[in-house]
Amino acid sequence: MTYRITPFFLLILSFLLVVNCGRKERTLFEEGKKWELVGEKTKALYYYELSLRENPEYDPVLKRMGLLLADSVESIATAIFYLEKYHRIKKDDTEVQRELFRLYLTTGYEKEALEILEEIRFQGKKETLEFFEATYLCLTRGVKQKDYLLTLEKSPLSSDPYYAPWVRACETK
């Protein structure tokens, strides 16, 4: 007795493989998020890495990996790698834009920081744009530091705990 594989069977098999692979990367990602939420950064990174092995372009993992690694001075280059990869997929993610901007400025990548600034300019968020511009100018220019610092201090964003170190970095420049 011979069996013939029908095109319908192949279609169903292909569909099941795609669905199953998608579930595995998502399951590993969710496991990583659970560990991240309880403060187990190393375990979270482990599961995120396993998820990326299933799908190297899985954008939720690229974002989480980049943001987690950005906290460590030793991992800044790797954080930038993951965040840039994510940013190419999702250009309008403000959280990733601000983290890339910060990393670029702190590592001396002024041109790249300026590109992020241009993206923010076209998104129409005046308050954010003014803060980022003043930060960029304060940290990259040798003149008018006090003017830029005054702009930063007046900004509503200066009271945000995330942005407060940016103001301090400008103060110490």
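1. Two rings of Phe, Tyr or Trp (its six-membered ring) pair if their centres lie within 6.5 Å; planes under 30 degrees apart count as stacked, over 60 as edge-to-face and the rest as tilted. The search of the whole structure gives six aromatic pairs. One of them is Tyr104 with Tyr109, edge-to-face at 6.3 Å centre to centre and 65 degrees between the planes.

2. The model is predicted: local features need pLDDT of at least 70, side-chain atom pairs count only at pLDDT 80 or more, and totals for chains, interfaces and linings use all residues. Residues are numbered from 1 along each chain as its sequence is written, and side-chain values use heavy atoms, without hydrogens and water.

3. Tyr104 is buried at 6% relative accessibility, while Tyr109 is partly exposed at 42% (buried is under 20% relative accessible area, exposed over 50%, partly exposed in between; 1.4 Å probe, protein chains only). Elsewhere, Phe29, Tyr48 and Tyr58 make up one aromatic cluster.

4. The buried residues of H6 are Ala113, Ile116, Leu117, Glu119 and Ile120. They line one face of the helix, because they fall within an arc of 160 degrees seen down its axis, taken from the directions from the axis to the C-beta atoms. Lys111 and Phe122 are exposed on the face turned away from the buried side.

5. Cover for the buried residues of H6 includes helices H4 (76–89), H5 (94–107) and H7 (126–140), with contact meaning heavy atoms within 4.5 Å.

Technical notes
Helices (H or I, at least four residues) and strands (E, at least two) are DSSP runs, numbered from the N terminus.
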